[in-house]
Amino acid sequence: MRQAIVLRFLVGILVCSTVSYVEAEDPYRFLNWEVTYGEISPLGVKQRGILINGQFPGPTVSAVTNDNVIVNVINKLDEPLLITWNGVKQRKSSWQDGVLGTNCPIPPNSNWTYKMQMKDQIGTFTYFPSTLMHRAAGGFGGFNVLARSVIPVPYQKPYEEFTVLVSDWWKKDHKELQNILDSGAPFPLPDGILINGLPRSSSFSVVPGQTYLFRVSNVGLTTSVNFRIQDHTLRLVEVEGAHTAQEVYESLDIHVGQSSSFLVTVNENPKDYFIVASTRFTKPIFTATAVLQLAGSRSPASGQLPIGPTYHLHWSMKQARTIRWNLTANAARPNPQGSFHYGTINVVRTLVLANSAEKINGKQRYCVNKVSYQNPETPLKLADYFNIPGVFTLNSIKDTPPADPAVLGTSVIGTALHDFIEIVFQNNENTMQSWHFDGYDFWTVGFGSGQWNSTLRRRFYNLVDATTRYTVQVYPNSWSAILVSLDNKGMWNLRSAIWPRRYLGQELYVRVWNDEASPYTEYDIPANAILCGKVKK
């Protein structure tokens, strides 16, 4: 009898534990995407675009912190495909990152299912194809992660949210653009820019007097943009997953791969207003417009477009320094952002990464510290997991720019889990650069002109309230410095967000590692992982 009572007691505990576990599991969101070609004409010329479920741009993904987002991607293109999730950290799971260093591409007429958790994240992100030059044909969209209801945000709930995707655009087919790069010819200027896939006709319906959140992302290939709204100001409240100090701007520069969120309170005067995005640092300047369409308005948008900056490099750098962390606001967790005193942590390694344009074997290539990246047939992550030799060599790229001739190679930097490192992006060219780090955000502590050296830390670094983000711009003949806490084990892509440069080699990978095989630090290879190269079923 006593044994039976004990058995029932133990079974009861097990049942309660199981029920508690099920109830505590974070919600799931299931998406089924069919990626196809389709006819589009954003600049008035019919061309082949890449559509997701028939849409250009693709559907916006909306999730909440810690949600599990399951995306089944069906590839109906004529080439292998991967989609990457720009800004989603993929905690403990670089297997889901969707780049050729971590994943075998999805073959034509087949599918693969991404299984991602929005672990401890909020913010404005995007997605796009990471293979070849596919993103020049579309396949991109917004990806927004809202805070949990129990975590306060540092502003009143907006009346509504809008996702705004700004992109440069070419009338040429993406394969023609790829052939231009393969031939070694210069990549052409865009033919225009778009707001949500259109140069002029997008509109956003609003109510006078109400406040709206605009989530604005630059999903272009090459071009920085300036964003503004006629007769309205922009209160910046978030950049790429970080709450900011809520500076108010007439306009803001958004560089390739970056995202920013603004609160906009609509004027009481019931008339329509222009929304404007224009290119930065280009000749000629390209402009796209949309319309802020007020309820009850009988007056279409009219008058002069709000004037934006043109070249003004120093203006842009000064503006970048005004974007600061909101130290008292919560992010995805209850503790304030400012409780992490990043400026007091000891830096264990400094990397100075210099981009350069080089000729290798008579063809145009782009390099990082004189190495132009080539993708091996076997993804780095698979080779690492299965201990396959000959695919890559750790620290095959130097920590500082060498005087060596440029070479082709597979650059992988080896680091230890929980290292705290400094990365300086040195740009000695006359063009804007933009750098993205998968799996991470980082503190953008400094911007400066000329050559970086260690004495500039004291003069230029913000070690108190620099904002975190996942993409940083580097101005011509200048440098940008970031600090990164390497707390996410895996193989992570550090790349130029300027896509033609990335296609021709301006990228590398950072292996963040410890010897502990544990789901507490990294998840195992997915059961549905596609195998290729030297790893085949």
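Modeller: Let us begin with pairing: two strands pair if DSSP finds at least two bridges between them, and strands (E, at least two residues) as well as helices (H or I, at least four residues) are DSSP runs, numbered from the N terminus. F30 stands opposite I70 in β4, and strand β1 (residues 28–40) is joined to strand β4 (residues 68–75) by eight bridges, the two running parallel. This is a predicted model, in which local features need pLDDT of at least 70 and side-chain atom pairs count only at pLDDT 80 or more, while totals for chains, interfaces and linings use all residues. Residues are numbered from 1 along each chain as its sequence is written, and side-chain values use heavy atoms, with hydrogens and water left out.

Colleague: What makes β2 and β6 the edge strands?

Modeller: The open sheet of four strands has the order β2-β1-β4-β6, with mixed pairing, and β2 (47–52) and β6 (110–117) each pair on one side only. From one strand to the next the twist averages 20°, where axes are lines fitted to C-alpha atoms, for helices over the stretch in contact, and angles run from 0 to 180 degrees between N-to-C directions.

Colleague: Which strands stand at the edges of the sheet of five strands, and why is one side of each left without a neighbour?

Modeller: That open sheet runs in the order β11-β20-β19-β13-β17, again with mixed pairing. β11 (203–206) and β17 stand at its edges with a single partner strand each, so one side of each has no neighbour in the sheet. Inside this order, strand β13 (residues 225–229) and strand β19 (residues 273–279) run antiparallel and are joined by five bridges, and F227 stands opposite A277 in β19.

Colleague: How do you know that the buried residues of α3 line one face of the helix?

Modeller: In helix α3 (residues 313–321), S316, M317, Q319 and A320 are buried, which is the word for under 20% relative accessible area, with exposed for over 50% and partly exposed in between (1.4 Å probe, protein chains only). Seen down the axis of α3, these buried residues fall within an arc of 160°, so they line one face of the helix; the arc is that of the directions from the helix axis to the C-beta atoms. They pack against several strands, including β17 (251–254) and β29 (442–449), contact meaning heavy atoms within 4.5 Å. α3 lies across β13 and β17, running at about 95° to β17.

Colleague: Why is the pair of W85 and F143 called edge-to-face?

Modeller: Rings of Phe, Tyr and Trp (its six-membered ring) pair if their centres lie within 6.5 Å, and planes under 30 degrees apart count as stacked, over 60 as edge-to-face and the rest as tilted. The whole structure holds 33 aromatic pairs. The ring centres of W85 and F143 are 6.0 Å apart and their planes stand at 80°, so this pair is edge-to-face. W85 counts as buried because its relative accessibility is 0%, and F143 counts as buried at 0% too.

Colleague: What makes the pair of F162 and F214 tilted?

Modeller: Their centres are 5.2 Å apart and their planes at 50°, so the pair is tilted.

Colleague: How do you know that the charged end of R511 sits over the ring of W513?

Modeller: A charge sits over a ring if NZ of Lys or CZ of Arg is within 6 Å of the ring centre and within 35 degrees of the ring normal; the charged end of R511 is 4.2 Å from the centre of the W513 ring.
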